[in-house]
Amino acid sequence: MYENLLFDEQQIKFKPKLGYMQIQKDINEQMRAILMDWLIEVHYRFRLKSETLYQTVWIIDTYLSMYPIIRARLQLLGIAALLISCKSQEIYYPQLNELIDITDGAYIKEELTQMESHILKVLNFNIVAPTANEFYDIISKAFNFDKRQYYFGRYLI
């Protein structure tokens, strides 16, 4: 399974490029980190699957490695990527109104759907790829990580 994931990862045409933030003129790594922290909170609030979060991050990073974005639209990129991921991973997912509300009304529905469409076009509808989550699942089973949890430097059984 691990070898298949590695093979699948190598076959992907669109994936984040090393050092991709260099092409971004209006945003930086810290802004990306703030977006990711916020998306983790949104993910938790809506009780979404971990696969959804990992796919969202992959979509954002791949998009940012191919297309420059302005600071004012970074959160819109994040929420649109989350919407795309939800549609492919979740059975029940937040509706457009809920996603707009979570941005404190910074955007309108039309902007969200336009950004969703733009992301899909830029990525040529290639939105599924092996993520760190899938590799972790294999490694955790091999080393029995699922039988114990690690918190603040201590293993709890």
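**Helix packing in a predicted model**

**View 1. Helix 3 and helix 4 cross in a right-handed sense.** A crossing counts as right-handed if the near helix is turned clockwise from the far one by less than a right angle, and as left-handed if anticlockwise. The contact, meaning heavy atoms within 4.5 Å, is made on the side of helix 3 by E51, T52, Q55, T56, I59, I60, Y63 and L64, and on the side of helix 4 by L77, G78, A81, L82, I84, S85, C86, S88 and Q89. By class, these residues divide into nine nonpolar, seven polar and one charged, where Ala, Val, Leu, Ile, Met, Phe, Trp, Tyr, Cys and Pro count as nonpolar, Asp, Glu, Lys and Arg as charged, and the others, Gly among them, as polar. Helix 3 (residues 50-66) packs against helix 4 at an angle of about 130°, with the axes 8 Å apart; axes are lines fitted to C-alpha atoms, for helices over the stretch in contact, and angles run from 0 to 180 degrees between N-to-C directions. The two helices are therefore oblique to each other, given that angles under 35 degrees count as roughly parallel, over 145 as roughly antiparallel, 65 to 115 as roughly perpendicular and the rest as oblique.

The model is predicted, and local features need pLDDT of at least 70, side-chain atom pairs count only at pLDDT 80 or more, and totals for chains, interfaces and linings use all residues. Residues are numbered from 1 along each chain as its sequence is written, and side-chain values use heavy atoms, with hydrogens and water left out.

**View 2. S85 is a buried residue of helix 4.** The relative accessible area of S85 is 0%, where buried means under 20%, exposed over 50% and partly exposed in between (1.4 Å probe, protein chains only). Apart from neighbours within four places in sequence, S85 is in contact with T52, Q55, T56, I59 and E90.

**View 3. Helix 4 and helix 6 are roughly perpendicular to each other.** Helix 4 (residues 74-89) and helix 6 (residues 109-122) pack at an angle of about 70°, and their axes lie 9 Å apart. Helix 4 contributes L76, L77, I79, A80, A81, L83, I84 and K87 to the contact, and helix 6 contributes E111, L112, M115, E116, I119 and L120. This contact has 11 nonpolar, no polar and three charged residues.

**View 4. The protein contains seven helices and two strands.** Helices (H or I, at least four residues) and strands (E, at least two) are DSSP runs, numbered from the N terminus, and from that terminus the elements run α-α-α-α-α-α-α-β-β. Of the 157 residues, 39% count as buried.
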